[in-house]
Amino acid sequence: MILELDQGNTRGKWRLLRATPAGASQVIARGAFAPGPWWSAEHLPDAWFKHRPTRVRCGNVAGAEVAHQIAMRLKQEFAVPVAFARVSPECVGVTCAYQEVGRLGVDRWLAVLAAYARDPSPALVVDCGSAVTLDLLGEGGQHLGGYIVPGLGLMRRALYSDTDAVKVDEVFSQGMPLAPGMNTEQAVNHGLPLMILGAIEMAQRELLRQLAAVSGEKAGAPRLLVTGGDGAFIASLPASATQSAVEVLDELVMEGLACADLEEV
């Protein structure tokens, strides 16, 4: 039994996998933690004890101390080491764009690896979490770099902390229109997701430009893969006519754990 963990800056997600006779993996349980240090909680998920993991692999962006705490708790409960994913210059056909590969967030790397494993064609991979990351995957598994912008919550908190009159509650709904606001509440609640959609559109244009520069021909719209806590909401919004169909993949980062280089702690 394999326990997979996706530990973000704000919260963590998990799933339990069982190998099938065909060599594939079957998800038998999954869940998400509330924000905070779940590794210090009195009780861990019941499914972990019902289906005791013999292997644990984790993608962690919350820092070395959190990694240490996770490893200690799981070793205490299940007597298994935790294998943490790390970014490498090349892995399963994907080449990292960063010269200092350790500076790339492992969650971004795992999402790109999973996107390539699903389909090696070019793609824009968008993770809508505390920050929104946009990574460009070109031909031949070449990671072309990416962008990082504040997520919806960070942008709202910036308005709260640095303005006097732009403090409004969140009013979001799936597929909501983003017409210009007729009051401050609408202007903020339509404007914040518009910022992310604009970043997606510009990143897609840059990916198309780079693909055309390599091939000498106009490229078709690349795949658009969206994950993260706000991913389904962002994917539901009206999009540019130049944008390709969106695939919402909640567990894209954890999918990448099966591909990545791992280091046991």
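**Strands, helices and cores**

Student: In what sense do strand S8 and strand S9 pair?
Tutor: Strand S8 (residues 123-128) and strand S9 (residues 131-137) pair in the antiparallel sense, over six bridges. Two strands count as paired if DSSP finds at least two bridges between them. Strands (E, at least two residues) and helices (H or I, at least four) are DSSP runs, numbered from the N terminus.

Student: What should I know about the model itself before we go on?
Tutor: This is a predicted model, in which local features need pLDDT of at least 70 and side-chain atom pairs count only at pLDDT 80 or more, while totals for chains, interfaces and linings use all residues. Residues are numbered from 1 along each chain as its sequence is written, and side-chain values use heavy atoms, with hydrogens and water left out.

Student: Back to the strands, then. Which residue is the bridge partner of alanine 123?
Tutor: The partner of alanine 123 is leucine 137, in S9. Helix H3 (residues 106-118) packs on the sheet and touches S8, S9, S10, strand S11 (223-227) and S12; contact means heavy atoms within 4.5 Å. The direction of H3 makes about 40° with that of S9. Such angles run from 0 to 180 degrees between N-to-C directions, with axes fitted to C-alpha atoms, for helices over the stretch in contact.

Student: And in what order do the five strands of this open sheet come?
Tutor: The order is S10-S9-S8-S11-S12, with mixed pairing. At the edges are strand S10 (143-150) and strand S12 (246-248), each of which pairs on one side only. From one strand to the next, the twist averages 20°.

Student: How many residues lie between S9 and S10 in their hairpin?
Tutor: There are five, and glycine 140 in that turn has a positive phi of about 65°. S9 and S10 run antiparallel and are joined by six bridges.

Student: I noticed tyrosine 116. Is it buried or exposed?
Tutor: Tyrosine 116 counts as buried because its relative accessibility is 19%; buried means under 20% relative accessible area, exposed over 50%, and partly exposed in between (1.4 Å probe, protein chains only). Tyrosine 116 lies in helix H3. Not counting residues up to four places away in sequence, tyrosine 116 touches Val92, Gly93, Val94, Leu137, Gly140 and Gly141.

Student: Now the cores. Which residues of the largest nonpolar core touch the most other members?
Tutor: They are Val87, Val94, Trp109, Leu110, Leu113 and Leu252, out of 27 residues in that core. H3, S8 and helix H7 (252-256) each supply at least two residues of this core, and H3 gives the largest share, nine residues. A second, separate core has 24 residues, including Leu124, Met155, Ala203 and Ile234. A nonpolar core is a set of buried Ala, Val, Leu, Ile, Met, Phe, Trp, Tyr and Cys residues joined through side-chain atoms within 4.5 Å.

Student: Changing topic: how many residues does helix H5 have?
Tutor: Helix H5 (residues 184-215) has 32 residues. From its first C-alpha to its last, H5 reaches 46 Å, close to the 46 Å expected at 1.5 Å a residue; the expected span is 1.5 Å times one less than the number of residues.

Student: What do the buried residues of H5 pack against?
Tutor: They pack against S8, S9, S10, helix H4 (152-162), S11 and helix H6 (231-235). Among the buried residues of H5 are Leu192, Ile196, Ile200, Ala203 and Leu207. Glycine 216, which follows H5, has a positive phi, near 80°.

Student: In what order do the strands of the six-strand open sheet come?
Tutor: The order is S3-S2-S1-S4-S5-S13, and the pairing is mixed. Strand S3 (25-32) and strand S13 (261-264) are at the edges with a single partner strand each, so one side of each is left without a neighbour in the sheet. Neighbouring strands of this sheet are turned by 25° against each other on average, direction ignored. Strand S1 (residues 2-7) and S4 run parallel, joined by six bridges.

Student: Why does asparagine 60 count as buried?
Tutor: Asparagine 60 counts as buried because its relative accessibility is 15%. Asparagine 60 is found in strand S4 (residues 55-60). A polar atom of its side chain lies 2.9 Å from the backbone nitrogen of alanine 62, and the side chain of asparagine 60 also reaches the backbone oxygen of glycine 63 at 3.0 Å.

Methods. Polar contact = N/O pair within 3.5 Å; in protein donor to acceptor, adjacent residues only side chain to side chain.
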